Amino acid sequence: MNRQAILIVDDDPSMRTVLSDFLGSRGYRVRASGNGTDGLETFHHEAFDAVVTDMKMPGMSGMDLLRGVKDISPHVPVVVMTAYGTVNTAVEAMKEGAEDFIMKPFSMDHLEAVVKKVLAAKPPGERGDQERPAGPGPGGSLSEGKKIVTGDPATMNLLETLKSVSRSRASVLIQGESGTGKELIARHIHRHSDRAHMPFIGVNCAAIPHNLLESEMFGHERGAFTGAARRRLGKFEMASGGTLLLDEISEMDMPLQAKLLRVIQESEVDRLGGGEPVPVDVRIIATTNADLKKRIEEKTFRSDLYYRLNVVPVKIPPLRERAGDIPLLSDYFLEKHSRFGTGEKPFLSNEASSLLNGHRWPGNVRELEHVIERAVLLCGGGEILPEHLCLEDEDGEKTQPAAVDLARSQGTTLRDMEKSLIFRTLERENGNRTRASEILGVSVRTIRNKLNEYKNETEGERQEAGAG
Ligand SMILES: Nc1ncnc2c1ncn2[C@@H]1O[C@H](COP(=O)(O)OP(=O)(O)OP(=O)(O)O)[C@@H](O)[C@H]1O
Ligand SMILES: [Mg+2]
């Protein structure tokens, strides 16, 4: 048997013994060091498949050890152990390239799961890094938009389980409120499947009108209906060999549900107006934020389709039920969004942190990201205060964006500040008004109206100047 080697570094002798004995009993070859310097020395001379290290140690810290290990062998996964309540250290370590962290106290089963996970993510392939063609972007180790940040034990278990089911072709049904990360998980499943090099194609069943959805999914032959001037491939065929994401499956009407069921059962599609059925090999992942069981009772969703899709059920809890993720995600988004603009990473004041922790997050992770993104813009570097967060209160009332901050800046009117904020946001979003409106928490119409106002003003000024 090919025994994988693990280096354990911890200054606590009893911890070393426990960890060594346990991992040894699980079939790993284990070496243990009592400090970072010795650990790095050992790592230098022997080959290891993974490193598990304590963070807080006298002499060389776990962070320095981590850097040393990554300098020598960037692909050997490192798991750091941190004390309860030191999430920041864990986040720092992840940024420095640690693959995962475990919060003390932890169970041996959890340790084993994490070690297994990081080992499984290692070569062959080292996909994570090679996927990006041009090397890491600015800021390095955070893989843009793809990383799933969580410290929630249930979610971590879920990701772990998903790794093994990813490899099968089994259909997955992901249920969760809006913004909880359903698409992110779907992509994660695809990335960990043996279809990763094949297409990942999405169809949003809610966004496409019913009468067009069928041809969108199954394609059509030339002349299949008025306007079908050419033959068109459906998403099923495009996804062939890969994964098809059926987003918001609850919005599909009953007749189409019946057709979908047939396609899943027969593994072939009928193009609209077409002759022979076309064989397709597609892995289906469906998502919904509706309660499908209820839809079945209401007779708007087919139960046979439900069971076909729900082979691997995945439920993502809303953010408010995993509040421990709020600080982790906040930090991640702070880092992500401060890389634009000044590049300096702002930090959350204690008050701002507790507001974030206490918020109900009806829009879940997406809402949190927008709030942080906006706060980074509003605070102008340095400290993020409660007024930069513009959280909706219990009645759904939005606090005025940074009213306090605006009032504080002497010599500028509220209007000027607002104008410059809108322009700055638009500039950063390449003129995309929808994105800007999301960030600023106003409607697209408001932005449009404001821009018209500014335009009229400028024209007015120009005319005055011309007349004078
Ligand atoms: N655990 C996470 N770590 C990092 N980013 C996350 C996480 N969960 C969600 N996000 C981010 O939040 C945003 C919303 O996620 P996603 O689009 O996957 O949600 P969704 O459940 O599909 O939402 P909807 O129901 O509205 O379609 C994305 O930008 C995603 O990258
Ligand atoms: Mg989605």
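**Entry 1: H4 against H14**

I looked up the handedness of the crossing of H4 and H14 and recorded it as right-handed. The model I am reading is predicted. Helix H4 covers residues 87-95, and its axis and that of H14 lie 10 Å apart at an angle of about 45 degrees. I then listed the residues that make the contact: H4 supplies Val87, Val91 and Lys95, while H14 supplies Pro327, Leu328, Asp331 and Glu335. Sorted by class, the contact of H4 with H14 holds 4 nonpolar and 3 charged residues, with no polar ones.

**Entry 2: H14 against H16**

I moved on from H14 (residues 325-338) to H16 (residues 364-379). The two axes come within 9 Å of each other, and I noted a crossing of roughly 45 degrees. H14 is therefore oblique to H16. I recorded the crossing of H14 and H16 as right-handed. On the H14 side, I found Ile326, Leu329, Ser330, Phe333, Leu334, His337 and Ser338 in the contact. Facing them from H16 are Val365, Leu368, Glu369, Ile372, Glu373 and Val376. My class tally for the contact of H14 with H16 reads 8 nonpolar, 3 polar and 2 charged residues.

**Entry 3: H16 against H19**

I next checked how H16 packs with helix H19, which spans residues 433-440. Their axes are 8 Å apart, and the angle is about 90 degrees. I therefore wrote down H16 and H19 as roughly perpendicular to each other. From H16, the contact takes His370, Glu373 and Arg374; from H19, it takes Glu438, Ile439 and Leu440. By class, I have 2 nonpolar, 1 polar and 3 charged residues for the contact of H16 with H19.

**Entry 4: the shell around ligand 1**

Which residues are the closest to ligand 1? I found 18 residues surrounding the ligand, the closest being Val149, Gly181, Lys182, Glu183 and Val365. Two elements give two or more residues to this shell, namely helix H8 (182-191) and H16. The shell around ligand 1 divides into 5 nonpolar, 8 polar and 5 charged residues. I also looked up the domains that contribute: domain 2 (153-315) and domain 3 (321-464) each give at least three residues to the shell.

**Entry 5: backbone checks**

I looked at two places in the backbone. Where does the cis peptide bond lie? I located it between lysine 104 and proline 105, with omega about -5 degrees. Proline 105 sits in the loop that runs between strand S5 (100-104) and helix H5 (108-121).

I then turned to serine 267, which is not a glycine but has a positive phi of about 55 degrees. I placed serine 267 in the loop between helix H11 (254-266) and strand S11 (268-269).

Notes: Residues numbered from 1 in each chain as written. Chains lettered and ligands numbered in written order. Predicted model: local features only at pLDDT ≥ 70, side-chain atom pairs only at ≥ 80, totals over all residues. Axes fitted to C-alpha atoms, helices over the stretch in contact; angles between N-to-C directions. Helix = DSSP H or I, 4+ residues; strand = E, 2+ residues; numbered from the N terminus. Parallel < 35°, antiparallel > 145°, perpendicular 65-115°, else oblique. Left-handed = near helix turned anticlockwise from the far one by under 90°. Contact = placed C-beta atoms within 7 Å. Nonpolar A, V, L, I, M, F, W, Y, C, P; charged D, E, K, R; others polar. Near = placed C-beta within 6 Å. Domains from an automatic or database assignment.
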